[in-house]
Amino acid sequence: MPMRRHGWILLGLGLVLGATLTLLIARHANPLQAQERTTVALTPQERATLASFESALTRIAETVQPTVVHIRVVKQLGRSSDGEIEDPFGFFERFRERLPESQRIIIPPPRIEGQGSGVIIRSDGYIVTNDHVVSNAKEVEVTFHDGTKAKGEVIRAPSVDIALVKVDRKNLPAAVLGDSSTVKPGQLVFAIGSPFGLENTFTMGIVSAVGRREQIAGSDRVRFYPDLIQTDAAINQGNSGGPLVNSRGEVIGINTAIVSGFTGGNVGIGFAIPINRVKAVVKRLLEEGAYKRGYLGVGLRNLTPELREELRVQSGALVEAVEAGTPADRAGIQPGDVIVEFDGKPVENEVALRDAIAEKGPNARVSIKVVRDGRTLTLNATLGTHPEDAETETPKSAQQPQQDALQKLGLRVSEIPAELRERVGTEGVYVESVASDSPASEVLQRGDVILSVNRTPVRTPEELERALSRIPSGQMARLAVKRVVEGRVFHQLVMFRMP
């Protein structure tokens, strides 16, 4: 009873208070409303200005949002770009070692999902995003503004963190690409994308700075970004690959990275790759199917006012170092030279020169004007391939003609290296690499030795090709494989369906 009495008292008090408040509000309704009307005393002109500003923001969002997509990717956990499974803690190997040797089949590592954003740049299905969004993706799914979905194919430029996703669609709304060379601190900008999977998110800020140089470690590599736009527009995980837009609705950058605290969220410092750089990369991807930068082989720095006065030049880039055996070395460029003109165009600074060299591409013949000890010299060079891009190429001497079945599986194979043959003590075919999007990529890896296909022994790449080509599309291929793990040799059975 005491508890019940207390409950009723409280409830009664609530009823009394509620009735009293109702009477007070009713009695003083007009003064309260008058106070609300005079809290913000805007003039008609100010109200019109605010309404116009809000209307402009709404139109920007309504115009640009349909060009922005959500990208979902499925990646193979721990699989590196060359097809090897990275298992730094030995989890998969320890689990497999518990099995009897006869049961030690391949255990495919689990797949993980990632997400990001992209912007449609051509109505026939080309979408720009960051390479780190789609790197090593086995599946790419694009969700459009209207909720429809499509599978995408990826064309990558890993070194500059740009990628194209191609979908089989026509008449898509394409964004207008602006001119990032005109971007200045203080300008209004808008970030659009899918932070934390929240599609069609629209945030506003300003350009905080331009020309930021950052080296950022991603999940697959460390990348150098020589010229980023900094903004305080809210950018979070999932915004990567989405557009940074100016007040005219033009894309001026691709949102790429943030500086974050322990929470991993936005703290007001985000970065975007300038759209002019993106356009140059996309042009090469569309024309050549790959992006490889030109390489001169020089270390550069910007000129300070003191250096310009001492060296008697108005602009250019100072050569601090020359790598031996590079195009710069062969052309006669020396440390201390100031490059003032590259292929007929004046050099403004170090970043502009780096961009010009990269955009010319490998094998381009260029003229270079330098100032050395007060004298102007014109030198000629044939650009090479940037070492980071050359690493992805297979030396021609190592290439072997591969046939249809191996190409479909994304396999590059060769005879067993002599040192490995002694260890495995058998004949077979050595796996040099496996394409990350191949049906065999989940069960085969670099270094495997294939002994047989559906119980047919194979000793050469040609025999492996013939054995695989006899398996109809959709049928199971059963391969006997030897694999060396931590110095021990395992016999394993791997299975996959032929494409």
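**Close-up 1. The buried residues of helix α3.** Leu-57, Ile-60, Ala-61 and Val-64 are the buried residues of α3, where buried means under 20% relative accessible area, exposed over 50% and partly exposed in between, with a 1.4 Å probe and protein chains only. Seen down the axis of α3, these buried residues fall within an arc of 100 degrees, so they line one face of the helix; the arc is that of the directions from the helix axis to the C-beta atoms. On the other side of α3, Pro-44, Gln-45, Glu-62 and Thr-63 are exposed. The helix, residues 44-64, has 21 residues and reaches 30 Å from its first C-alpha to its last, close to the 30 Å expected at 1.5 Å a residue, the expected span being 1.5 Å times one less than the number of residues. Helices (H or I, at least four residues) and strands (E, at least two) are DSSP runs, numbered from the N terminus.

The model is predicted, with local features needing pLDDT of at least 70 and side-chain atom pairs counting only at pLDDT 80 or more, whereas totals for chains, interfaces and linings use all residues. Residues are numbered from 1 along each chain as its sequence is written, and side-chain values use heavy atoms, with hydrogens and water left out.

**Close-up 2. Helices α6 and α9.** The axes of α6 (residues 275-288) and α9 (residues 350-360) come within 11 Å and cross at roughly 10 degrees, which makes α6 roughly parallel to α9. Axes are lines fitted to C-alpha atoms, for helices over the stretch in contact, and angles run from 0 to 180 degrees between N-to-C directions; those under 35 degrees count as roughly parallel, over 145 as roughly antiparallel, 65 to 115 as roughly perpendicular and the rest as oblique. Arg-277, Ala-280 and Arg-284 in α6 meet Val-351, Asp-355, Ala-358 and Glu-359 in α9, contact meaning heavy atoms within 4.5 Å.

**Close-up 3. Surroundings of Arg-277.** Arg-277, placed in helix α6, counts as buried because its relative accessibility is 19%. Leaving aside residues up to four places away in sequence, Arg-277 touches Pro-226, Asp-227, Val-351 and Asp-355.

Close-up 4. In the loop between β17 (338-342) and β18 (345-346), Asp-343 has a phi near 50 degrees, a positive value in a residue other than glycine, and at 27% relative accessibility Asp-343 counts as partly exposed. Asn-363, in the loop between α9 and β19 (365-372), has a positive phi of about 70 degrees although it is not a glycine, and at 63% relative accessibility Asn-363 counts as exposed.
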